[in-house]
Amino acid sequence: MSIKIFNTLTRTKEEFVPLEPGKVKMYVCGPTVYNYIHIGNARPMIVFDTVRRYMEHKGYQVNYVSNFTDVDDKIIKKANEEGVASEVISQRFIAECKKDMEALNVRPATAHPQATQEIDGMLQMIDTLIRKGHAYAAEDGTVYFRTRSFPGYGKLSHKNLDDLQGGNRSLLVSGEDQKEDPLDFVLWKPKKEGEPYWKSPWCDGRPGWHIECSVMSRHYLGEEIDIHAGGEDLIFPHHENEIAQSEAANGKPFARYWMHNAFLNIDNRKMSKSAGNFFTVREILEKYDPQVLRFFMLSAHYRSPLNFSAELMEAAKNGYDRIVTSVENLNYLLERAAAGKVVSEKAPAPGMTETEKKLAGDAAEFVNRFDEAMDDDFNTADAISVIFELVKFANTNARDDSSEEFLQTLKKEILLLSDICGLVVERKQEMLDGEIEALIAERQAARKAKNFARADQIRKELQEKGIILEDTREGVKWKRA
Ligand code: AMP
Ligand code: ZN
């Protein structure tokens, strides 16, 4: 079965056909880094990370690019308030954002470009646009995109130029009075006192916001890409302007599929920094396991608004715990099955019984049903229901006398489906002090016997469990990382 994606461009669900067989080129607009990210910003991160994981599960190689906007009025304002350079602010919050992403099990992108590192590319694209008649420099050095020169303008947001014209008349703010047309938007603007700036043929200044994504997308993925994504507030003007810039400069269609997540709301209003009605990811993680937040985000379809509330978080916690408990139960039964095997070592593990083989076949069906839900425009809400059904099936059919192989099959399937959702459902078992000390003693004995391979292996094994060894004159000391 192929994947169907709701494409904002056509407002229909379309079969996903990649530009190049087996490969996906995907660009997701990232955050402006002047503060900790809020959980609204985390929604696209989690949603599109899940899209990426599912695509990989289907065998695609995904080239996933997501930017950090690190030059912006808000960053500059904060830098001036603190009396530091704006990159001090942006680097600080890029690092903090990456920590939040890691906690939420959002995998790092293939590339995380930053606007300030791509200025040359922006100057080049602006120059091309001017040469092709799609942009012009005003007297003060501001460069504008000539919106009416691009015939497809409005195709993403399904807006008509004349309606926009009416709406935009009031948007003529001071400093923009040199525009040829109120619809034109800024590609490059002159520096102001106390702002970072770069040299350009038009004036010392800095880029407008939209040009960075057109340039970074082309730099890392090429002129044509498969999927471009972000929150629905980006449809207009950001993505509309990106299309105009890219297609006018490259003379080619830009992205084939445009995906937009609906808002994360609070009291049915969009959560946003400017409205002040937000919780940072950091604040939420003080109260909840990050996996619960991830589960919560995926419990609704990405195109449905999601209202944040303590009740829904509680429901998410219960849902997530149900999966974790089922895996714990399987691990418990597996330990018992393994212990049983030691007692009767001579007899080889019996493998699955005929009944278990049939049940394992039934369990495999859940994977197909999960895929069906995800193929339908990444319906994570339905996909999670399938995981619950699998969990129920496992709870019913895993028994004290189940074979190890059968138990492993059930566990593997629960882990597989959870992992596609980026949910970690197997809690790492902490090593007990006694176990650690026994391994250290074994390592000492191995070293004495000059079996260094085994000694190294033990060190590595401990390291993987977060135990750090230190060889001191008084002997081996250890601590938890
Ligand atoms: P920003 O830092 O505002 O540019 O936002 C970064 C990303 O988060 C963009 O894809 C936005 O569309 C998205 N975003 C911001 N607020 C919300 C929200 N309340 N719900 C869902 N997505 C959001
Ligand atoms: Zn963007």
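## Exercises on a predicted model

His-158 lies in the loop between strand E6 (143-145) and helix H5 (161-168); helices (H or I, at least four residues) and strands (E, at least two) are DSSP runs numbered from the N terminus. The model is predicted, and local features need pLDDT of at least 70, side-chain atom pairs 80 or more, while totals for chains, interfaces and linings use all residues. Residues are numbered from 1 along each chain as its sequence is written, chains are lettered from A and ligands numbered from 1 in the order written, and side-chain values use heavy atoms, leaving out hydrogens and water.

**Exercise 1.** Classify the accessibility of His-158: is it buried, partly exposed or exposed?

*Solution.* Start with the cut-offs: buried is under 20% relative accessible area, exposed over 50%, partly exposed in between (1.4 Å probe, protein chains only). His-158 has 36% relative accessibility, so it counts as partly exposed. Then check its backbone: phi is near 55°, a positive value in a residue other than glycine.

**Exercise 2.** Find which atoms coordinate the zinc ion (ligand 2).

*Solution.* First, look for donors, meaning N, O and S atoms within 2.8 Å of the metal (3.2 Å for Na, K and Ca); water is not among the atoms, so sites may look incomplete. Cys-29 (SG), Cys-213 (SG) and His-238 (NE2) coordinate the zinc ion at 2.0 to 2.2 Å. Next, read their spacing along the chain: C-x183-C-x24-H. Cys-213 in helix H6 and His-238 in helix H7 (residues 235-250) are 25 residues apart, a pair linking distant parts of the chain. Finally, both Cys-213 and His-238 are buried.
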